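The structure is a predicted model.

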Amino acid sequence: MANLQVSNVTKSYGSKKLFEDVTVNFTAGKRYGLTGPNGAGKSTFMKILAGDLDPDSGNISRPEKTSVLRQDQFGFEDVRVLDVVMQGSKKLWAAMVEKEKILALPEITDEQGHRLGELECVVAEEDGYSAESDAGSLLAGLGIPSEGLEGPMRELAGGLKLRVLLAQALFGKPEVLLLDEPTNNLDLDSIRWLEGFLCDYQGVLIAISHDRHFLNAICTHVADIDYNTIITYTGCYDDMVEAKSQVRGRVESENADRQKKIAQLQDFVSRFGAGTRASQVQSRKKQIEKLQVADLKRSNIERPFIQILVKKPSGRQTLTIEGLAKRWPEAKICDDFNALVMKGDKIAIVGSNGVGKTTLCRMLIGELAPDAGKIEWGHEVSIGYIAQDHGETIPKNTTVDAYLHSFDDRAYLQDIRGLLGKMLFKGEEGQKPTHALSGGEAVRLLFAKLMLTKDNVLVLDEPTNHLDLESIVALGDALSKYEGTAFVVTHDRDLIETFATRLFAFSDGGLVDFRGTYDEYLAQKTAQAPRKRR
């Protein structure tokens, strides 16, 4: 297995310098998380590693078998699903295609026969005879139904197409594997499968993810983009955060001691500089020159301050669900589901993609009617909702501060600006047009709205989409301290473990009300699973 080497790479956009003169060696057998806040340049650096983007200066040395997770989910519409995966091994796929062309000829010349022999060797070397089986195993692990493997990509839903592209990146034992947000569109079971697969991977792995649990599970090292450079730390994401904090804390402490000593020396120099103690003054001046304060660059990591208060508490019995049933033509969402939710319950809604989590949220807020049963909210309930398609709920013809002001026209402008500042909209950014918001900015604006309206019930459908790790940690803290009742759809296991005391879990047996933590739910599922015969 070969290494991936980065030498003296610099990249800027306009006046903004993302990184400067970066040199780093990514070593085979190690798994790197590429971290940094939104806007730090993670995806840009990944594109440079993949060869899709040129740096301003410097160079990259990468092995031939470098595999990249692509996002062009509509680029293979007429291609058989299994073939899309096998195209991940370019050498194997080219040999298989050429071989089929020769075999389809009415007559084969001696030269073509010789070429067939060469192609057979390539297919054998690249494990071509087990290629379909290997591709099928990858797709099964990622939750692609077996009946869809022989059909064209266009017959799969968008989220499943992205899983096929992930399988394509994993296929063929690449020497380098570059994955940008590989857990997007994966349910919790598929994420756990991917964690196991990657932990067995022997090449160079570099992954960007906003899922802290995923990074902690797979990483042996973290390459962190900060201070306009990339610093590599040993260990998982949490190890990096601790090490980074310790280094910065130590330098800040040393700087404080040096500044105190310099102040004392400068006081001596100012008092005796014109007197008879010239030699002592010169000695103090030399000491001042030696006590240079270490240059401590400003980190670009910022964490929003999310604090969702409750204006008026709800009644003790917040929600009653009786005999709830909902079906779509292709799926049963729930059947005779019952639950009593009390004030302060924190419920994570979990399950595979497509089982009905968003449908359940839409029924909770009254946007969809159930087929049977009832959803009855308690006394004084006020619901704050964030939809899965976050950006679509924000009007495009207004500004950030005007959008917020529309929810409370009596709020002072300084209070609106204060909320926006907590959500990292600084200064004039409050007048930013809403149509120009990034995905992360749109979600932070919606949280600012919840902080303004102070509802006593939250229904949040995939709120971590587009958020960086710092923002997700801030959200987990806010939900755990929230005094109202929360229903949150998420695939982020660390977030679930931070706030959830109860689950609405979609499983093979239908929708289940589980009173306990996610770890307890997994333990119960494992205990109930049928044991395989030896």
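## Aromatic pairs

Rings of Phe, Tyr and Trp, the last taken by its six-membered ring, pair if their centres lie within 6.5 Å; planes under 30 degrees apart count as stacked, and those over 60 as edge-to-face. Across the whole structure, a search finds 9 aromatic pairs. One of them joins phenylalanine 26 and tyrosine 32, which is edge-to-face because the planes stand at 90°, with the ring centres 4.9 Å apart. Phenylalanine 26 has a relative accessible area of 0% and is therefore buried. Tyrosine 32 also counts as buried, at 2% relative accessibility.

A stacked pair is formed by tryptophan 193 and phenylalanine 197, with 5.4 Å from centre to centre and 25° between the planes. Both residues belong to helix H7 (residues 188-199), where they are 4 residues apart, about one turn of the helix. Tryptophan 193 is partly exposed at 26% relative accessibility, and phenylalanine 197 is likewise partly exposed, with a relative accessible area of 27%. Elsewhere, Phe337, Trp377, Phe487 and Phe504 make up one aromatic cluster.

## Charges over rings

The charged end of lysine 326 sits over the ring of tryptophan 328, at 4.8 Å from the ring centre. For arginine 444, the charged end sits over the ring of phenylalanine 425, 5.4 Å from its centre.

## Surroundings of arginine 80

Arginine 80 lies in the loop that runs between strand S5 (66-68) and helix H2 (81-86). Its side chain makes a polar contact of 2.9 Å with the side chain of aspartate 83. A further polar contact, of 2.8 Å, links the side chains of arginine 80 and glutamate 150. When neighbours within four places in sequence are left aside, the residues in contact with arginine 80 are Met86, Glu132, Leu149, Glu150, Gly151 and Pro152.

## A three-stranded sheet

Three strands form an open sheet with antiparallel pairing, in the order S11-S10-S13. Strand S11 (331-342) and strand S13 (372-377) are the edge strands, each pairing on one side only. On average, and with direction ignored, neighbouring strands of this sheet are turned by 15° against each other.

Strand S10 (residues 317-328) pairs with S11 in the antiparallel sense over 8 bridges. Arginine 327 has lysine 332 as its bridge partner in S11. Helix H11 (residues 357-364) lies across S10, S11 and S13, and runs at about 130° to S10.

Terms used
Residues are numbered from 1 along each chain as its sequence is written. This is a predicted model: local features need pLDDT of at least 70, side-chain atom pairs count only at pLDDT 80 or more; totals for chains, interfaces and linings use all residues. Side-chain values use heavy atoms; hydrogens and water are left out. Helices (H or I, at least four residues) and strands (E, at least two) are DSSP runs, numbered from the N terminus. A polar contact is a pair of N or O atoms within 3.5 Å; within protein, one must be able to donate a hydrogen and the other to accept it, and residues adjacent in sequence count only if both atoms are side-chain atoms. Contact means heavy atoms within 4.5 Å. Buried means under 20% relative accessible area, exposed over 50%, partly exposed in between (1.4 Å probe, protein chains only). A charge sits over a ring if NZ of Lys or CZ of Arg is within 6 Å of the ring centre and within 35 degrees of the ring normal. Two strands pair if DSSP finds at least two bridges between them. Axes are lines fitted to C-alpha atoms, for helices over the stretch in contact, and angles run from 0 to 180 degrees between N-to-C directions.
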